[in-house]
Amino acid sequence: ELLQWAETVLKPAAELAAKGEGEYKAGDHCRFCKIKATCRKRTEYNLELARYDFAVPSTLQDEEIEAVLSKADELVNWAGDVKEYALQQALSGKQWDGWKLVEGRSNRRYVSEEAVAAKVEEAGFDPYEKKLLGITVMTKQLGKKRFKELLSDLVEKPQGKPVLVPESDKRPAMHTATDDFNDEK
Ligand code: SF4
């Protein structure tokens, strides 16, 4: 089936695309595309959301919120791709009207960790902090079996933060307080 699909669907589409013909179809796959930052079709696709005028959520209907949710991740990816493209262009000398390149924020750092440690020790202080090994490194150090024997009572997996995902996601739906409320009604 796959070979037949490749022959009858993929190959003709690829041939059209190679000639610059065929239809543009924006979607999740755009992230692999060479022109993802500047493609007009992808822009139109993502800007479809602009018709909601980004009104405050309380004035949107449920269906409108659902429409925004279904495109939000892609919209963010697309905006990121355009930003990255514009930055790279600016670094190569392109001037964008109303925009300029500046130095981003940066944090102080040691020039040489060894030199800092040596100097602090010399002055009579301890430059190091003692930290418990993380679970992955500790498991490596003890071996899986020993880790389980020694620490299985001391390891827990806290509940993950709720995330809103499409119905098609494999994870089971979370139980919420509203479910209890509805059950009692
Ligand atoms: S970015 Fe444009 S050309 Fe590339 S896959 Fe998406 S719609 Fe097609």
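This is a predicted model: local features need pLDDT of at least 70, side-chain atom pairs count only at pLDDT 80 or more; totals for chains, interfaces and linings use all residues.

Biologist: Why roll a probe at all?
Modeller: A probe the size of a water molecule, rolled over the atoms, shows where empty space is left.

Biologist: OK, how many cavities of 30 Å³ or more turn up?
Modeller: One, from a search of the whole structure. The largest cavity holds about 30 Å³ of space.

Biologist: Which residues line the largest cavity?
Modeller: The lining is made up of G27, D28, C30, R31, R42, E74 and N77. By class, four are charged, two polar and one nonpolar.

Biologist: Switching to the ligand. Which residues are around it?
Modeller: Y24, K25, A26, H29, C30, C33, I35, K36, C39 and R42.

Biologist: And how does that shell divide?
Modeller: Six nonpolar, three charged and one polar.

Biologist: Now helices. At what angle do α2 and α3 cross?
Modeller: Roughly 135°, and their axes come within 10 Å. That makes α2 oblique to α3. α2 covers residues 40-47, and α3 covers residues 62-91.

Biologist: Is that crossing left-handed or right-handed?
Modeller: Left-handed, as α2 passes α3.

Biologist: What about α5 and α6, how do they pack?
Modeller: Their axes are 6 Å apart, at an angle of about 110°. So α5 and α6 are roughly perpendicular to each other. α5 is residues 135-142 and α6 is residues 144-151.

Biologist: Which hand does that one have?
Modeller: The α5 and α6 crossing is right-handed.

Notes
Residues are numbered from 1 along each chain as its sequence is written. Side-chain values use heavy atoms; hydrogens and water are left out. A residue is near a molecule or strand if one of its heavy atoms lies within 4 Å of it. Ala, Val, Leu, Ile, Met, Phe, Trp, Tyr, Cys and Pro count as nonpolar, Asp, Glu, Lys and Arg as charged, and the others, Gly among them, as polar. On a 1 Å grid over the protein atoms alone, a cavity is a set of points where a 1.4 Å probe fits but cannot get out, and a pocket is an open set with protein on both sides within 12 Å along at least five of seven lines; lining residues have an atom within 4 Å of a point. Grid points are joined across faces, edges and corners, and a volume is the space filled by probe spheres set on the points. Axes are lines fitted to C-alpha atoms, for helices over the stretch in contact, and angles run from 0 to 180 degrees between N-to-C directions. Helices (H or I, at least four residues) and strands (E, at least two) are DSSP runs, numbered from the N terminus. Angles under 35 degrees count as roughly parallel, over 145 as roughly antiparallel, 65 to 115 as roughly perpendicular and the rest as oblique. A crossing is left-handed if the near helix is turned anticlockwise from the far one by less than a right angle, and right-handed if clockwise.
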